[in-house]
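Here's a quick briefing to read alongside the structure. Have the model open while you go through the points, and look up each residue as it comes along.

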Amino acid sequence: MRDRAARRLPGFVLAVPAWLWLTVFFVVPFLQVAWFSFGEKPGMFGTHSNAVMSLDRYAEAFSPTFFTIFRATLWMSVLGTVACLLVALPAAYFMALKVPAHRRGLLVALVMVPYWTSFLIRTIGWKVILSSEGALAGFMTDVGLVGDPHDLLNTRGAVLLGLIYNYLPLMILPLYVAFDRVDNALGEASKDLGAGRVRTFFQVTLPLARPGIIAGVVLVFIPMMGDYVTPAVLGGAKGTMVGSLIASQFLTAQNWALGSAMAVVLILLTMVVVVLAIALLWGVGWLVHRRTELVVGTVPPPDPRLPTKEVVTA
Amino acid sequence: MNKPADKNGNVRILASHAGARAIRQELSRRHFLSLAALVGAGAALSACGTGDGGSSSAAEPGGGATGGPVEKALSIYTWGDYDAPEVIEAFGKTGPKVTLDSYGSNEELISKLVAAKGTSGYDIVVPTGVYIPQLIENDVIVKFNKDLIPNIAKVDPQFLGQDWDPENDYSVCKDWGTTGFVYDTTVIKRDLKTWDDFIDAMQKEASGKTSLLDDPQGVAGLYFWANDIDWNTEDMADYDAFEAEAVEKWAPHIAAFDSYPSTGAMQENTFALMQNWNGDARLGILEHKQPDRWKWVLPGPTTELWMDNWCIPAGAPHPEAAHAFIDFVLEPENSFKEMDYIGYHTGTLGIEEMAKERKVELPEMIFFTEEQLATMKNGAVNKAQDRRTEVYDKLKAAASA
Amino acid sequence: MTTKATPDPPSGSVTIKGLTKTYGQATAVDGLDLEIRPGEFISLLGPSGCGKTTTLRMIAGFEKPDSGSIMIGGKDVVRLAPYQRDVNTVFQAYALFPHKSVAENVAYGLQQRKTPRAEIRERVVEALRMVRMLDFADRSPTQLSGGQQQRVALARALVNRPGVLLLDEPLGALDRQLREEMQLELKLLQSRLGITFVFVTHDQGEALAMSDRIAIMRAGRIEQLADADTVYNQPASAYVAGFVGQQNFLQGEVSADGTTVETPIVVVEGPAKPDGRPGEPHQAAIRPELISIEPGTVAEGLNTVAGEVLQVSPLGEVIQYLVKVTDETSLLIRRPAHGAVRLSPGDQVLCGWAAEDVRLFPLDTPPDPTTARSPQ
Ligand SMILES: Nc1ncnc2c1ncn2[C@@H]1O[C@H](COP(=O)(O)OP(=O)(O)OP(=O)(O)O)[C@@H](O)[C@H]1O
Ligand SMILES: [Mg+2]
């Protein structure tokens, strides 16, 4: 229906800034990091040298310690992403489908409010709230939810809380857009055809919002894997993440070669995890779909002696 | 945050004390500053240096300073928030416009200087003592023109002529400190005296409320000091024993690795037991709303001594100003202000008496007795660095589990 | 001729009483009463914004009425959710699930009711066959044309064998030819299945062609509910008269003796006395096809005017004339093409009509489709 030929040229032209941006800010730095990772630290008076090329830095990066911390990081990020998803799903659904259209802009703006302050400041804000002297710790100790006011800060739970808090908007927004794009009439059609709210959500709304869910999951999971500020601030010793391991190679040890190798390993492993996760999501979707799948194929013509209506209205 | 894993057999060194003087500064701001550096990690990547390990060309003694007119500018590259602003200002009034830039580790400082090959633009740097032999060897710092620093004579000889620069040709003491611990007497009701007590309390009353220095050498030190082993040991069996104890026994009880726990988290009573540099501990106690709650211990049997030093990098564009500044800051009155601001002993003669006269609070956390000094020992740059860092990383991984 | 979807006698009936719905200040449906018989094809006809969709949505359960009652098959449904009502809807934009195939779309309602798999398949096949879409069963609805999607939407609703099927302008998006084809199909299907159809449209031709009865809506109420013939020939009001088919409206006032309506151009006599006191404003409506036209210049007596032909449009079986009577008034006239006198623009003509073909109405709101007064 659309005039595709007329759109082809502007479409290509419009994509150029995006490609440039990706190339300059992602591909080039990545290639540089990859290049460093094959080098070495040339004595203490240098950060990196590619005079001798080897895979030795990778051998060093693949240490049990790295994997222990990687596992912890992965676990935190997976938990954080799932928690974000669970919180964002109802929130985005509510914003997109239950709130009058003229209030939605305001809600979207409110979701973004935390972003008006620096990432660090708002994380430190939680540190104050969770500290053993904070009101929260006092309250939770008083009502017996925790035994000791020190049990809030410097725990995995605090890290998880910080991760959810910091990345939730990145999950809500794509979900909101996805839900917003689902035609309201489809939900009504589903209810009209006998499905309740819950079934309508799982059989119509959710599958149609799947691209948004995947976008949200990727958008939240990847930065969580690289985040080490939130864990460092809120997790103390429990918050050692791969990101901090890498950062210390660059900032403190000044061993850019090893830091780069770790970064490359992190990027590759994260990609593998993301691909697996997306495959899993599709798989779940496929399984759910299979329950309602119906393939008709070719059907022989009906027996002419049987009037159609009798079957339909029997 | 972490001190690095340094796998290349390079020197790693003593606990630094970068932000140790957070005096009169608001807590959150201080933390913001140290973490802001963290967030800026990306910048390190893009600002790709050329560190090919080459050394700068042979530098002239004194960086060319002959006592001529002092230049109009002075650029100091030092640890964050490490100098009394009034001293810097006062020096600025004598002519040069002073700019300050900061680093977070000796490695960072050295990499930057080496990469710049004498074009860093800095006039003064403040490395920790044990790095100085390598800096000299690689012509990264230059000899003083000692004629221009007569105030060296006002430094206590006890703090001159250190192993790394016996004649003080290249360096002079900026300040020095040691490592001890602070504990919350409302949580730990018994008297703690030694590193052994520290390790014991960490696994008992202070489990989950203990912080260790965010530094491989400081953490290794904890084990060696407690067991009265030379903390510069190169016997790998010692490190195996250290690893076994730290990873298996300590890890579950550690709440954080934090080099500035007292001025930071201690203000909210986050920790009950903190391995701590004396300056940070002192400021933290002074700032706390209930100072009596905390007890500082300089534990036995041994502990560390570290010293930071004024040095002039090769290629310094304003050598006259650099010499003038060092001389200026060694002047006892200025040195006192520095001491008062950062809470570390600057090594100037008579400063302890001045402090007593002027009623500096908690002087026992700045000035130490002969007997105490005898228990403190410099760290060393040696071949155990890798192993130390490896154990440290394993401990961190275990603690985060 | 009809087979009932379910044996219960009142199934398929809809009784609406005093139904009201307001959105803020605006009243969309205003005390609407409507009685729909089982198995009938009823159209809701009215101009845009008169409340057709709102009424339908309240029957379906998507909208909660402010007051009034709705009974479907004798059961009060106001408090029931859409899926608890014995109705299905064909949506204006079809609302087919894009992530499901055509067959899965049709199967959806049956799956919700936990129908056995084998039966689902059988019924889906039959429903698709019924709308002649079986060959497209495994396609995605996004790959179908508008008319095809329309049929799938129909099959998806009908496969559930509802007592009542609600259709909100289901043919609105189709081109004329397809629309006419579908009208016929829909009507055939409906009479074969015997399901009650409530059909919303603002196309009066569509309503006239398909419906057993037509409910003419105006500002949230039913103005007239009757079969097509009655609505066309015995409109209950000037509004209905103007809305269904075309009309020439002549405005004037009741004559002194109260028997005729005197307009500036002609004195009109109707089949009965005008329902008003002498001097009250009144109007007469005459259908274009009921006006005779012949050459002539002098109008004499009642129900006759003289004018000048402005335009002649041959429309196939009929010829349409536009006759200028005065500068402000012209008449629209349609005569069978066969045997008509040949007239051309500029000819002087006499127009006349029989008294029994006139409809007289008090002048309330002026009806909007005043085709007779627009010389284009
Ligand atoms: N959700 C709503 N919010 C506010 N006003 C509404 C809403 N839905 C309908 N209305 C108003 O109610 C009145 C009736 O609307 P409705 O959609 O029932 O008209 P309709 O007869 O279906 O018109 P159309 O032929 O244009 O579809 C209109 O004035 C409309 O503006
Ligand atoms: Mg409508």
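**Charged pairs, annotated spans and a ligand**

Counting over all chains, there are 36 salt bridges here. Keep in mind that this is a predicted model.

**A salt bridge in chain A**

- Let's start with R57(A) and E60(A), whose side chains meet in a salt bridge with N and O 3.2 Å apart.
- How are these two placed along the chain? R57(A) and E60(A) both sit in helix 2 of chain A (residues 56-61), and because they are three residues apart there, about one helical turn separates them.
- R57(A) is also tucked away: its relative accessible area is 6%, so it counts as buried, the cut-off for that being under 20%.

**K174(B) and its two partners**

- In chain B, D83(B) and K174(B) join their side chains in a salt bridge, at 3.4 Å from N to O.
- What does this pair tie together? D83(B) is in the loop between strand 1 (73-79) and helix 3 (85-93) of chain B, while K174(B) belongs to strand 5 (residues 172-184), so the bridge connects parts that lie 91 residues apart in sequence.
- Are D83(B) and K174(B) buried or exposed? Both of them are buried.
- K174(B) has another salt bridge, this time with E338(B), and here the closest N and O atoms are 3.0 Å apart.
- That pair also links distant parts of the chain, since E338(B) is in helix 11 of chain B (residues 332-342) and K174(B) is in strand 5, 164 residues away.
- E338(B) has a relative accessibility of 2%, so it counts as buried.
- K174(B) comes out at 2% relative accessibility as well, and so it is buried too.

**A network in chain B**

- Which residues are joined into one network by salt bridges that share partners? They are D240(B), E243(B), R387(B), E390(B) and K394(B).

**What UniProt lists**

- For chain A, an unreviewed UniProt entry gives "transmembrane region" for residues 12-35, 72-94, 106-125, 158-179, 200-222 and 263-288.
- Take residues 106-125 of chain A: this span is 70% helix and 0% strand, and its end C-alpha atoms are 24 Å apart.
- Now try residues 263-288 of chain A, where the chain is 100% helix and 0% strand, with 37 Å between the end C-alpha atoms.
- For chain C, an unreviewed UniProt entry lists residues 14-244 as "domain: ABC transporter".

**Around ligand 1**

- Who's sitting around ligand 1? The residues there are Y23(C), A28(C), S48(C), G49(C), C50(C), G51(C), K52(C), T53(C), T54(C), E169(C) and H202(C).
- By type, this shell splits into three nonpolar, six polar and two charged residues.
- Which element gives the most to the shell around ligand 1? Helix 1 of chain C (residues 52-60) does, with three residues.
- A polar backbone atom of G49(C) comes 2.8 Å from an oxygen atom of ligand 1.
- C50(C) has a backbone N or O atom 3.3 Å from an oxygen atom of ligand 1.
- E169(C) uses its side chain instead, with an N or O atom there 3.3 Å from an oxygen atom of the ligand.
- How much of ligand 1 does the protein cover? On its own, ligand 1 has 630 Å² of accessible area, and the protein covers 59% of that.

Technical notes: Residues are numbered from 1 along each chain as its sequence is written. Chains are lettered from A and ligands numbered from 1 in the order in which they are written. This is a predicted model: local features need pLDDT of at least 70, side-chain atom pairs count only at pLDDT 80 or more; totals for chains, interfaces and linings use all residues. Side-chain values use heavy atoms; hydrogens and water are left out. A salt bridge is a side-chain nitrogen of Lys or Arg within 4 Å of a carboxyl oxygen of Asp or Glu. Helices (H or I, at least four residues) and strands (E, at least two) are DSSP runs, numbered from the N terminus. Buried means under 20% relative accessible area, exposed over 50%, partly exposed in between (1.4 Å probe, protein chains only). UniProt positions are given in the numbering used here, feature names are shortened, and annotations may be inferred rather than shown by experiment. A residue is near a molecule or strand if one of its heavy atoms lies within 4 Å of it. A polar contact is a pair of N or O atoms within 3.5 Å; within protein, one must be able to donate a hydrogen and the other to accept it, and residues adjacent in sequence count only if both atoms are side-chain atoms. Accessible areas come from the Shrake-Rupley method with a 1.4 Å probe; for residues, only the protein chains shown count as cover. Ala, Val, Leu, Ile, Met, Phe, Trp, Tyr, Cys and Pro count as nonpolar, Asp, Glu, Lys and Arg as charged, and the others, Gly among them, as polar.
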